[in-house]
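Welcome! Here is a short tour of one protein model, taken region by region. Take a look at the sequence and the structure first.

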Amino acid sequence: MNTNFRLLILFLATFTFLTNAQEADNDVEEVVVVGTQIKGAQINEALPVSIVTAEDIADLGIDSGDELIESLPEQGINQFDETGDTGGVNGVRGDASSFDIRSLGTGNTLVLLNGRRMISTASNQTEEIGGSFVPVESPNSQTLPLGLIDRVELLRDGAAAIYGSDAVAGVVNNVLDTDFEGFVMNVRYKNFEHFNRDDHTVTMKWGESFNEGRTSVSSFFTFYDRDRIRASEDEVMGQCDRRIFDTDGSLTRHDCSTTSPWAQLDMTSGRDSSYTDSAGEFIIYPAGHPDCRLDLSTVTSMQGVCAASDAAGNFYHNWYTDRDYVGDLQRHNFFTFLNHDMGNGMEMFAEFGYYKSDYTSNREQGSGFGSAAHVIPVDHPFNWTGKRLYLENYRPVDFGPRRIFVERDTTRALLGFRGSLASGWDWESAVVWSEARSEDLTKNRISNTGMDALLQSGLYNPFNGAGFLADGFTGTRYASIDLTPGATQEAMDTARIDVSRDSGRDLQTFDFRLQRPDLFSLPAGSVAVATGVEWRYQAYFDDRDPYLDGTIPFVRRSGSGAFSTRNTYTHPFVSNVWGSSATGDNDGSRTVTSFYAEALVPVVSREMNIPFVQAFDLQLAYRQEALSDVEGEDVSRFAFGWRVSDAILLRGSFQETFRAPNLYTVYEGLGSRVNARYDWAAVYVDDAATAAGLGSAVLWDSDGRYSVIRNYAGTTDLKSETADNTTLGIVIEPLDGLSLTYDTWEIESDGTVGLFGEDNSMLLDLVLRLQSNDLNNCNNVVTNPDVFRSDPDEDEAAAMIAVGICPFGQADRVLNEYENLGVRLVSGWDAGAFYDVDLPFGSLTLKHQVAFWDKKSQEIPGKADPILAAYDSGLIDPVDFPLVGFGELVKIEGTPKMRTKSTLRLRTGAYTVGLTQTGRSEVLEPDVALRPVAAFSRLNAYVDYRFDLNDANARLRFGVNNVHDRRAPLADYRFGFLGDLDNNTRRSFYLDFRVSY
């Protein structure tokens with residue numbers, strides 16, 4: 001039977017039963033408070049909940065959900081943000097953002113809409129968990145209609161016993177204004193001081209009741225239009241080598257690409273030492289460069305270029321010339337609500353929401369992967385060498401930049417009923433249907449098959465150094481011109497392709513909830529209980545382009561020039577898209593059934609007159625959740641509120657939480673990713689050769705870092721991540737309107753789904769080789785079986801033997817399977833000061849919130865024990881050969897020790913002045929020897945004036961975001977700052993007009 005049909009039958013049967021059990025004179029009131037399923041519960045004030053009101057959101061002067069969650073002090077990084085260190089076809093692109101409360105990792109925050117689970121983004125992103133990139137998922141905050149949000153409730157402790165899987169770090173409940181009456185229209189215009197960007201937002205909200213007040217309907221619509229920002233509009237973001245902006249000299253690396261239009265080539269056999277290195281490798285250079293060895297004008301018709309030894313090093317390419325910082329975006333949100341009193345003590349409620357976005361962006365042309373190295377034939381018209389050549393490192397910028405188009409839409413429909421039974425139980429039941437879709441299309445990509453055909457026919461010339469050029473060694477800049485004849489546009493059109501990725505998510509839920517405020521009585525009062533069952537269906541699909549999924553495969557040529565028969569030279573190890581990893585189509589689904597029970601127990605009441613205990617209340621909860629594909633969990637929760645006096649409240653909680661492995665880590669088929677990783681064995685050989693006075697023995701790349709294939713696949717062997725979440729806090733209310741809070745918290749999560757990582761796998765390979773190294777018996781050298789290497793050539797073997805190391809070849813690929821890693825520990829404290837006071841001339845609201853991280857660590861897995869032993873024995877130095885992704889992680893990029901938010905709102909007469917400041921402390925960059933990235937804060941301000949406009953109420957607001965025009969601190973990262981953590985749009989101004997009646 002169809003899943004949707006079964007769900008409908010179950011819902012209607014429940015509805016029919018409850019309709020017949022009504023008493024006609026019962027009134028039903030909905031109060032949604034995150035952290036308990038019991039409405040109006042006394043324990044609410046004892047839960048560590050942060051509230052962001054509609055007015056708080058308006059004070060920020062923002063237009064998107066990503067800006068909202070980034071203002072939360074408890075939020076970690078926004079892994080899905082378009083300005084971060086991601087953005088390829090295998091990641092989330094377009095209008096998307098992600099939740100990461102407590103910096104525990106994307107996917108550990110449960111996100112609700114009106115108390116029920118939100119659907120995840122249609123496509124997935126990857127996040128470094130352990131030593132490499134793991135697929136993660138999150139609801140998309142961009143789908144939230146900011147102008148319709150009544151409040152955001154953030155429960156700052158785990159609540160899996162209340163809500164189920166994913167509620168590990170916290171729960172975010174977005175409460176919409178579902179029963180609005182009247183009309184509101186809001187128009188906003190925003191201008192950015194330093195960029196050619198204007199934003200426009202139009203919002204309308206309407207609601208009316210009729211049928212003698214028994215029925216109400218309300219609707220909301222918003223349209224947001226955003227201009228793109230090109231990286232070249234900013235002097236820092238448009239430049240890959242930001243060391244020129246580094247005043248203290250601590251930025252020792254750059255973000256330029258070593259893959260440029262200046263080709264790096266390798267003879268498939270033999271060498272010509274007059275212009276190659278000892279391995280037969282050479283690079284095309286501009287003529288007249290001091291490292292030139294052969295002026296090509298003397299052997300070919302090409303002018304202005306030469307051949308240089310590969311030892312001279314690659315040229316750097318500024319890929320930000322063609323890249324957008326943020327893309328062009330149009331977004332629509334629509335919601336409508338129906339509430340109806342059925343006249344028999346039962347209420348019907350329904351909602352329908354639709355979100356759609358259209359996004360376009362420019363991105364630099366891709367660079368080729370070594371795993372798909374192309375062979376240039378001997379008879380190519382510009383191949384003067386008389387040998388077949390591998391085109392190993394090359395960026396064909398003459399094809400022009402890639403053009404990205406992403407359409408996203410999300411639909412949500414809910415139908416529910418609530419009422420009361422004659423026995424004194426209140427009940428509520430609802431069915432929710434949601435789907436999210438993403439269509440990602442990239443134009444002007446290049447097929448590997450097409451490029452191979454162009455090279456074999458001689459119609460494409462890779463020897464000409466086309467495009468924007470930069471010599472990272474001398475600082476010389478070269479013009480954006482083709483120095484020699486290239487290929488015609490008609491010829492390149494034969495290799496151009498469009499590459500698509502269509503992704504989707506489905507979520508269907510049914511719940512039936514019962515609650516009773518007075519199941520039985522204790523001396524302190526009545527015990528309130530809630531119980532219920534929930535069922536949900538989750539599914540995803542990921543339909544990749546035929547050029548990516550193996551439908552139209554590329555077969556790499558061998559050194560002989562013939563198509564290779566090696567299976568690693570085609571799908572799934574090599575895709576048919578230039579510069580993209582092979583990825584097959586995949587999909588998966590699961591069903592989840594759960595039962596929960598919750599009790600609120602009053603232990604002490606005021607009337608009992610117990611010293612120092614005005615009231616003491618307990619919350620007890622239990623949930624059992626069964627999943628169709630992985631092992632289920634049962635978890636419990638205990639929380640207390642101890643009212644010492646009118647001014648002092650102590651609170652605390654302990655809960656078991658869990659997070660089921662996401663669908664991608666369970667159901668993904670065999671796939672490959674190509675990432676630049678350190679081959680530590682190559683680094684070791686080069687260091688040893690230099691230390692021995694033998695000169696540099698560079699193997700395969702100047703710093704031992706090169707592109708390596710990682711193979712992965714989903715597995716049903718994964719278990720749920722389980723965690724213990726503990727909080728303890730105090731609330732002090734010394735004056736009317738003044739509240740001070742302090743809470744300590746700790747999350748100890750075991751079984752984190754992650755990866756050991758390619759870097760660590762190759763470090764383990766080095767250690768095992770060193771520990772078993774014996775030049776007299778190299779056949780018995782122990783290696784890491786997860787690292788697959790090719791055979792070394794004679795020169796490479798000689799360099800290794802010279803330093804006493806048994807020879808080995810370049811790493812072709814590393815096998816990394818998703819696994820349950822050890823314990824991840826995150827701990828810290830929150831503090832807040834909240835003050836509301838009426839003044840003779842108006843009112844004042846002050847808020848100051850602090851989130852502080854004491855610790856964030858990932859336990860080192862047992863397979864790393866040989867590495868730790870090598871550190872202890874002095875075999876290798878952990879500074880020079882680091883184990884990455886494990887150990888202490890606080891302050892590492894996305895986890896500052898402290899984040900703050902301060903708000904001031906002063907009203908007097910028709911005027912309001914508001915200030916909001918958000919900030920973070922210093923963080924460290926692991927890729928630049930833990931270089932400090934300075935603290936950063938932004939101040940937003942506004943002033944508004946309220947007046948009557950005919951029969952309507954009107955408000956005019958003028959605001960400035962980033963009043964001090966602060967630039968995000970410099971970092972060796974995409975666009976020159978930590979895009980996952982900071983905003984670099986500089987100062988902007990907005991004018992906002994609202995009319996309501």
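A residue is called buried when its relative accessible area is under 20%, exposed when it is over 50%, and partly exposed in between (1.4 Å probe, protein chains only). Helices (H or I, at least four residues) and strands (E, at least two) are DSSP runs, numbered from the N terminus. The model is predicted, so local features need pLDDT of at least 70 and side-chain atom pairs count only at pLDDT 80 or more, while totals for chains, interfaces and linings use all residues. Residues are numbered from 1 along each chain as its sequence is written, and side-chain values use heavy atoms, leaving out hydrogens and water.

Let us begin with strand E20 (residues 389-393). Four of its five residues are buried, so the strand is largely enclosed by the rest of the structure. Two strands count as paired if DSSP finds at least two bridges between them.

| Strand | Pairing with E20 | Residues standing opposite |
|---|---|---|
| E12 (residues 264-267) | antiparallel, four bridges | Asp 266 and Tyr 390 |
| E19 (residues 374-376) | antiparallel, three bridges | His 374 and Leu 391 |

**A four-stranded sheet**

Elsewhere, four strands make an open sheet with mixed pairing, in the order E31-E32-E37-E36. Strand E31 (671-678) and strand E36 (787-789) are at the edges with a single partner strand each, so one side of each has no neighbour in the sheet. From one strand to the next, the twist averages 30°. E31 and E32 run antiparallel and are joined by eight bridges, and Val 674 stands opposite Ile 709 in E32.

Helix H10 packs on this sheet, touching E31, E32, E36 and E37. Here contact means heavy atoms within 4.5 Å. The direction of H10 makes about 65° with that of E31; axes are lines fitted to C-alpha atoms, for helices over the stretch in contact, and angles run from 0 to 180 degrees between N-to-C directions.

**Two nonpolar cores**

A nonpolar core is a set of buried Ala, Val, Leu, Ile, Met, Phe, Trp, Tyr and Cys residues joined through side-chain atoms within 4.5 Å. Which residues touch the most other members of the largest core? They are Leu 763, Ile 867 and Ile 876, in a core of 37 residues. Elements giving two or more residues to this core include helix H10 (758-771), strand E32 (705-712) and helix H12 (865-873). H10 provides the largest share, seven residues.

Leu 763 has contacts that include Trp 680, Ile 867 and Phe 881, leaving aside residues up to four places away in sequence. A second, separate core has 35 residues, among them Leu 265 and Phe 399.
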